Every structure is written in structure tokens, then in C-alpha cells.
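Colleague: I have some questions about how the labels on this model were assigned. Please give the value and the cut-off each time.

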Amino acid sequence: MRISRTRITAAVAATVTVAAAVTTVLAGTASAAQGCRIDYQPNEWTGGFTANVRVSPGDTALSSWTVTWSYPGGQRITGGWNATVSQSGTTVTARNAAWNGSVPAGGSTEFGVQGTSTSGAGAPTGFALNGVPCNGAPPPTSTPPPTTPPPTTPPPTTPPPTTPPPTTPPPPTTPPPTTPPPTTPPPAGCAGAVLCDGFENQTGSTPAGDWSVVNPDCSGTGRAAVDTATAHSGSRSLRIDGAQGYCNHVFVRSTKDLSAVGTVRYGRIWLRHTTALPTQHVTVMAMTDAADGNKDLRMGGQNGALQWNRASDDATLPEQSPSGVALSVPLPTGRWTCLEFMVDGNQGQLRTWLDGTAVTGLTADGVPTHDIDGQWYNRTWRPRLTDLKLGWESYGEGADTLWYDDVALGASRIGC
């Protein structure tokens, strides 16, 4: 691991104008539900954009979903995440991924798109969920499934009366289990993850057993301990006292065999800390990349916001420009935060969620985008991660106290 580095230390400030198109979807029985919403939130720059799209089904659960909309012209989708996205003419179609098709009543799921645009391109219109128009459709409770089963009142002779029990039995797809948020990531637990640890089996004050204390490069005043006073769940957590200045590096490394996770790795960590992320670079989590000279892939912060950093060439995600940093988010202080990530070693892609919301600036989708992942893809990146380390590295300013709890690692998304 390199000992010295050149850092961008100037504080970065920027604003991103976010236009949110919020659409209320009124649905037929099998398609969507009354009270459903689609939130489209773009981040735009000259020549391109990304957009986060949230699908909230409202009163009725979904077992699968398809979202469509139209661009007025000048926008072209080049990629997406958490959904299969395509475009024909001005019409965009997004279908759920394998793991997020089931959405419980009152819940939501998110996906994102990336594209190119010409100057003056307008906002998208014509949102629909599972074929049901969304743009302010009036909320009558007469359940009009607009086009498929034509009239709501039974035209008894045309469609054979035996086949369509017209409007009485609502969801034919049988998501009447309104209670279980079907098979998608459960709100708690580990969903069959390879690593699942709330540190409850720690009996001493120093991490042991499934975890070992390591000090990359050199050790200083940084300390790791098992804490019984602060926990996200249960009665124990991992506490890191991160000291300021180089050579105070301290991490707690999992001793479990993580090879069963495979090349697509999902992680979930509950994290709490006391001091806002500083201007200079710090690290709060690291994973050894066997495909990158055993250098670390690091998650931490710089310029006051979360970032990923590659130790081999110091590439950052997002890029440390004003507009790049504005696409990331700070790490809240004084409360527990759910940090999720996905690293796909086959496709060279990376995703990040904070409290269940995807972070645009912490997304590398395989297509280089200026100010986001252009620097990240300055070379081919196909990571092969072999471990997990939780702790603290500081390269100048910045001291912090951090707690980690309910840590999980697996081959599919685990959820908060």
C-alpha cells in the first residue's frame, strides 16, 4: 500500500438543480394501486444527465413492474441501473431487475438511468406504471383499467363471461399477501448472506474470533474496541477511535472465508459517527482487490462527502470537481445510517445506497461520464475482492469516532 499521495484539499461547494417530476399513478386492479407515485429526479449537465426514479405502489403490492415515459426530444438513454432500460424513439421502458420486482404496499423501490441530451431538452411526460397512465389521472375509485379489459361494466356477450370475472377479483397475479414484503431484501436480518455479524458473540473488549485488528502501513493512536454502550441492535457494536494524521491507521478485518460471495458482492453496514467528513481524504471501509495488485478498494470521504477511492491509482468516485462532489452526499453524524453497496467484478460496476436511496455520484455503471466515473474508467476495472475491513485511515486532517454494527456481505442485495 502506498504511503504518500497528492490530494485535492480545497473545499468544494456546488449546487445541483434537481427538477423532480412527481406523478400520481391511479391503477387498475392487476397493474398498480391507487395512491401510487413515480418520482423522477434528474441531475443534468451540458450534454448529459442521470435520473433517479422511485416507484411507490401505494395501497397494493406489486409482484413485477414496468415504468414507461416519453421525452419531448433530444434525450437518449445510454444505460441504467436496478432495472432493464430501453428506448424506442422518444419512449423509454424500464422493467424491474430480478431482485426488486416485488414491492410491498406502502413501500418503494428505485432505479436509475443515464443518457445524453441536447440543450433545451424538456422534462419527460406520459409516465405510466404497468400500462396505467400516471400524469395526474383523476382518482376515481371506479377502477378503470384503461385499455386492456375495455369497459369496466361487463359487456356480457363480447368477452365470454366465464373467462374475465370482470372487476370483482382484483389482483389476478395473487399478491394478496399484503403483509410479507415478498422475497426482496427484508428490513432486518441478513437474507442468507455469507457474512452476518452484529458483534454479539464478542466476549472481550478487543475484537477477536471472527475479527482481527490490523494496522496497514503503521500503527499509531487509532484504536478498535468492542463497545457495550452504543449499538444499533443487541448490546454490542464495533467502535473505532480514528485519530488525526497519517500513521494512525486502524481496521478490524473479517477472518471468515468470503470466497463464497463470488464476483458480485453486496454489502450492508450500519454505521454511526460523530464528526463530519473532512476536506482531506479519509477511509472508513476497505476491501483488498486481488485483481489490482492486492491494493484496496476504499470507501470514505473527501471534500465533506462520501467517495470511493482506488488505492492503486488514487482514482475517486465521484471525481473531485464541484459538480462531481455535488452528486454525492455527506455521511450524517450522530445517528445510525444504513450503508449498502454492490461491486460487480464481471461488469466492472459499482452501486451505493444510503438509507435505501441510490447515490448518483457513487455509481459506476460501466459507461464513463465526465465528473462522475470518467476518471474511474481511465483503465479497465474488473475487481476481485477478497476481504472486508472496517476502520479508519486519515491522511492529514480529521479525527472521528465511529461505530459499526449489523454487518452483512452476500451475493444478493441484503437490504436495511
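Colleague: What makes Asp 296 and Lys 389 a salt bridge?
Modeller: This is a predicted model. The N to O distance between the side chains of Asp 296 and Lys 389 is 3.1 Å, and the cut-off is 4 Å, so the pair counts as a salt bridge. Asp 296 lies in strand β18 and Lys 389 in strand β24 (residues 389–394), so the bridge ties together parts that are 93 residues apart in sequence.

Colleague: Why are Asp 296 and Lys 389 called buried?
Modeller: Buried means under 20% relative accessible area. Asp 296 has 5% and Lys 389 has 6%, so both fall under that limit. Asp 296 and Lys 389 also belong to a network of salt bridges with Arg 253 and Asp 387.

Colleague: How many salt bridges does the rule give?
Modeller: The count comes to 13. Another of them joins Arg 335 to Asp 355, with the closest N and O atoms 3.1 Å apart. Arg 335 sits in the loop between α1 (322–326) and β21, and Asp 355 in the loop between β22 (349–354) and β23 (357–358). Arg 335 has 37% relative accessibility and Asp 355 has 36%, so each counts as partly exposed.

Colleague: Why is the sheet with the order β12-β15-β24-β17-β18-β19-β20 called open?
Modeller: Strands β12 (211–214) and β20 (316–317) stand at the edges with a single partner strand each, so one side of each has no neighbour in the sheet. The sheet has seven strands, with antiparallel pairing.

Colleague: How do you know that β18 and β19 pair?
Modeller: Pairing needs at least two bridges, and β18 (residues 295–302) and β19 have six in the antiparallel sense, so they qualify. Gly 301 stands opposite Leu 306 in β19.

Colleague: What makes Trp 308 and Phe 341 an edge-to-face pair?
Modeller: The ring centres of Trp 308 and Phe 341 are 5.8 Å apart and the planes stand at 75°. The limits are within 6.5 Å and over 60 degrees, so the pair is edge-to-face. Trp 308 lies in β19 (residues 305–310) and Phe 341 in β21 (residues 337–344), so parts 33 residues apart in sequence are tied together. Trp 308, at 0%, is buried, as is Phe 341 at 1%.

Colleague: How do you know that Arg 413 sits over the ring of Trp 353?
Modeller: The charged end of Arg 413 is 4.1 Å from the ring centre of Trp 353, and the distance limit is within 6 Å. Arg 310 likewise lies over the face of Trp 376, at 4.6 Å from the ring centre.

How values were computed. Residues numbered from 1 in each chain as written. Predicted model: local features only at pLDDT ≥ 70, side-chain atom pairs only at ≥ 80, totals over all residues. Heavy atoms only, no water. Phe/Tyr/Trp six-rings, centres within 6.5 Å; stacked < 30°, edge-to-face > 60°. Helix = DSSP H or I, 4+ residues; strand = E, 2+ residues; numbered from the N terminus. Buried < 20%, exposed > 50% of the residue type's maximum accessible area, 1.4 Å probe, protein only. Lys NZ or Arg CZ within 6 Å of the ring centre and 35° of its normal.
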